[in-house]
Amino acid sequence: MITGGFQPGQSTATVALLVSESLGIKRLIDCANIDAVYTSDPRVDPTPRGSIGLVLVS
């Protein structure tokens, strides 16, 4: 399954997770073009905290 945000402002990763969960899908592969998961938007906040790397939860 391939999915993305359905409404402006929705996180595509969150939507993919929610759809996967509702369909009973056991594994989600998120192919995002990001270098980390941040505590806030680095384009707005000059001091976001981030976790560099890929986290795979199965």
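Visitor: How many helices and strands does the protein have?

Guide: One helix and two strands. From the N terminus on, the order is α-β-β.

Visitor: What kind of model is this?

Guide: A predicted one, where local features need pLDDT of at least 70, side-chain atom pairs count only at pLDDT 80 or more, and totals for chains, interfaces and linings use all residues. Residues are numbered from 1 along each chain as its sequence is written, and side-chain values use heavy atoms, without hydrogens and water.

Visitor: Where is confidence lowest, and where highest?

Guide: Strand β2 (residues 50–52) is lowest, with a mean of 66, and α1 is highest, at 85. The score is pLDDT, the predictor's confidence in each residue, from 0 to 100. The protein averages 76, and 78% of the residues score at least 70. Where pLDDT is low, the predicted coordinates should not be read in detail.

Visitor: What makes the contact between R43 and D41 a salt bridge?

Guide: The term asks for a side-chain nitrogen of Lys or Arg within 4 Å of a carboxyl oxygen of Asp or Glu. In R43 and D41 the closest N and O atoms are 3.1 Å apart, so the pair qualifies. The structure holds one salt bridge.

Visitor: Why is R43 called exposed, but D41 partly exposed?

Guide: Relative accessible area decides: buried is under 20%, exposed is over 50%, partly exposed is in between (1.4 Å probe, protein chains only). R43 has 75%, so R43 is exposed. D41 has 31%, so D41 is partly exposed.

Visitor: What about C31, buried or exposed?

Guide: Exposed, because its relative accessibility is 73%. C31 lies in the loop between α1 (12–23) and β1 (36–38). A13 is 18 residues away in sequence, and 9.1 Å away in space, C-alpha to C-alpha.

Visitor: How do you know that the span of α1 is close to the expected one?

Guide: The expected span is 1.5 Å times one less than the number of residues. For the twelve residues of α1 that gives 16 Å, and the helix reaches 16 Å from its first C-alpha to its last.

Visitor: Which residues of α1 are buried, and why are they said to line one face?

Guide: V15, A16 and S20 are buried. Seen down the axis, they fall within an arc of 130° (taken from the directions from the helix axis to the C-beta atoms), so they line one face of α1. The face turned away carries the exposed residues L18, E21 and S22.

Key:
Helices (H or I, at least four residues) and strands (E, at least two) are DSSP runs, numbered from the N terminus.
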